[in-house]
Amino acid sequence: MAAGSGPARRGRLAEIFRFALVGGVNTGTFFGCYLLLHPWMPYFAAYSLAFLLSMIGSFFLNTYFTYRTRPTWKKFALFPLTNVTNYLVQSVGLYALVTWAGMDDRIAPLVAAVVAIPFTYLISQRILVPRNAGQGPGASGPGSETGERQPSRLA
């Protein structure tokens, strides 16, 4: 059996699958909010507000479902950092697609979002999963809260 196979590999693949599901829900939420807000404000303002609203939902879905860890105020405060790269990649992509490529401003956010997915996964995992998860005798896996014994609960 090759290194990295077995239960650890299946666990990682399951996590990536859950991340993809959450990403789909989050993208749908974002796009729905964007389309609802777009008639009432400029496209970039609608994009930014829809992004913020979907980011809050994404935080809870990723903590509970993707990484199976508890949400805390610390993670909630840090989670926007996971989306800074996402926001920058999507924003530059949106601007380039609408301004330079002439793409419809109702479709361009979806295309830009797809490009940002790998970056978002890596950064969100780093923020939401404790660094010492799965290491040492006190760790209990990806949902371990070692080092955060008394977190503030959001939910």
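How many residues does α1 have, and what distance does α1 reach from its first C-alpha to its last? The legends below take up this point and others.

The model is predicted, with local features needing pLDDT of at least 70 and side-chain atom pairs counting only at pLDDT 80 or more, whereas totals for chains, interfaces and linings use all residues. Residues are numbered from 1 along each chain as its sequence is written, and side-chain values use heavy atoms, with hydrogens and water left out.

**View 1. Helix α1 of the protein chain.** Helix α1 has 31 residues and reaches 44 Å from its first C-alpha to its last, close to the 45 Å expected at 1.5 Å a residue; the expected span is 1.5 Å times one less than the number of residues. Helices are DSSP runs of H or I with at least four residues, strands are runs of E with at least two, and both are numbered from the N terminus. The protein chain contains 4 helices and 0 strands, in the order α-α-α-α from the N terminus on.

**View 2. The buried residues of α1.** Among the buried residues of α1 are E15, R18, F19, V22, N26, F30 and Y34. Buried denotes under 20% relative accessible area, exposed over 50%, and partly exposed the range in between (1.4 Å probe, protein chains only). The buried residues of α1 pack against α2 and α4, contact being heavy atoms within 4.5 Å.

**View 3. The largest nonpolar core.** A nonpolar core is a set of buried Ala, Val, Leu, Ile, Met, Phe, Trp, Tyr and Cys residues joined through side-chain atoms within 4.5 Å. The largest has 14 residues, of which F30, Y34, Y47, A50, L94 and A108 touch the most other members. Two or more residues each come from α1 (7-37), α2 (43-66), α3 (73-100) and α4 (108-128), and α1 gives the largest share, 5 residues. Apart from this core lies another, of 8 residues, including F19, F59, Y67 and Y121.

**View 4. Contacts of A108.** Leaving aside neighbours within four places in sequence, A108 is in contact with L94, L97, V98 and M103. In the protein chain, residues 24 or more positions apart account for 67% of the contacts with a separation of 6 or more.

**View 5. Residue L21 in helix α1.** L21 is found in helix α1 and is partly exposed, with a relative accessible area of 40%. In the protein chain, buried residues make up 35% of the 155 residues.
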